[in-house]
Amino acid sequence: MYYVVSKLGTQTSEIGVATSTTMEPGTWTDHGVIGLPPNDAYNRIDPNWITIDGKQYLQFGSYWEDLFQVELASPLEVSTANPPHQLAYNASLNHREEASFLFQHGDYYYLLFSGGIAGGYTATYPDPGEEYRIHMCRSTSGTGDFVSAIRHNITNEPLTGFRAV
């Protein structure tokens, strides 16, 4: 299980991992942080693990420069061979994308993520189209080139992924 130690509004978060063979209380072993280096481009939160063509990857990130992916050497540590690369980038809305979830179905990999303006709805409402919502896009590789339903590449466009919710 991947977990995050974080303080709201900072980029000092860490992603760690704990394991258990039974998932029962008291059986968990905390292996600590996975070694993802800090970077001004991303925040180390919202981890999501997947295997693509026999290699393990972790998706993560929030705000700043949005969603990233990094190859893992094992489920417990980041590979030092390749630095994290950007999966999605919102060129508008103060880069509000987070909580990615990547899965494979058939010949495609689907990336779901949240984006838009969150919070403060009791005082004002965001403009139409800027509300917090879930987006979906797809790729044949799972490691990049994600496109929206209208074929926009999501690394250089505003929130163009298919609005799922």
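Where is Asp53 found? Asp53 sits in the loop between β4 (48–52) and β5 (55–60). The model is a predicted one.

1. **The β4–β5 hairpin.** β4 and β5 pair in the antiparallel sense, over 5 bridges. Within the pair, Thr51 stands opposite Gln56 of β5. The hairpin has 2 residues between its strands. Asp53 takes a positive phi near 50° there.

2. **Asp53 itself.** Most residues other than glycine have a negative phi. Asp53 is not a glycine, yet its phi is positive, at about 50°. Is Asp53 buried or exposed? Its relative accessibility is 74%, so Asp53 counts as exposed.

3. Start with the covered face of β4: it carries Asn48, Ile50 and Ile52.

4. **A three-stranded sheet.** Which order do the strands of the open sheet follow? The order is β1-β2-β3, and the pairing is antiparallel. β1 (2–5) and β3 (29–33) are the edge strands. Each has a single partner strand, so one side of each is left without a neighbour in the sheet. Neighbouring strands here are turned by 30° against each other on average, direction ignored.

5. **The β1–β2 pairing.** Look next at β1 and β2 (residues 14–19). They pair in the antiparallel sense over 4 bridges. Tyr3 has Gly16 in β2 as its bridge partner.

6. **Met23.** This residue lies in the loop between β2 and β3. Met23 is not a glycine, but its phi is positive, at about 70°. How exposed is Met23? Its relative accessible area is 63%, so Met23 is exposed.

7. **Ser62.** Ser62 is placed in the loop between β5 and β6 (67–74). Its relative accessibility is 3%, so Ser62 counts as buried. The side chains of Ser62 and Glu98 are joined by a polar contact of 3.1 Å. Leaving aside neighbours within four places in sequence, Ser62 is in contact with Asn43, Ile45, Asp46, Glu97 and Glu98.

8. **The largest nonpolar core.** This core has 13 residues. Which of them touch the most other members? They are Tyr2, Ile15, Ile34, Leu36, Leu58 and Phe60. The elements giving two or more residues to this core are β2, β5 and β6. β6 provides the largest share, 3 residues.

9. **Ile34 in that core.** Ile34 is among the core members that touch the most others. Which residues does Ile34 touch, not counting those up to four places away in sequence? The list is Tyr2, Ile15, Gly16, Val17, Leu58, Leu72, Pro75, Leu76, Glu77 and Val78. Gly16 on that list is also the bridge partner of Tyr3.

10. **A second core.** There is a separate core of 12 residues. Its members include Leu67, Ala88, Leu111 and Cys137.

Key: Residues numbered from 1 in each chain as written. Predicted model: local features only at pLDDT ≥ 70, side-chain atom pairs only at ≥ 80, totals over all residues. Heavy atoms only, no water. Pairing = 2+ DSSP bridges. Axes fitted to C-alpha atoms, helices over the stretch in contact; angles between N-to-C directions. Buried < 20%, exposed > 50% of the residue type's maximum accessible area, 1.4 Å probe, protein only. Polar contact = N/O pair within 3.5 Å; in protein donor to acceptor, adjacent residues only side chain to side chain. Contact = heavy atoms within 4.5 Å. Core = buried A, V, L, I, M, F, W, Y, C linked by side-chain atoms within 4.5 Å.
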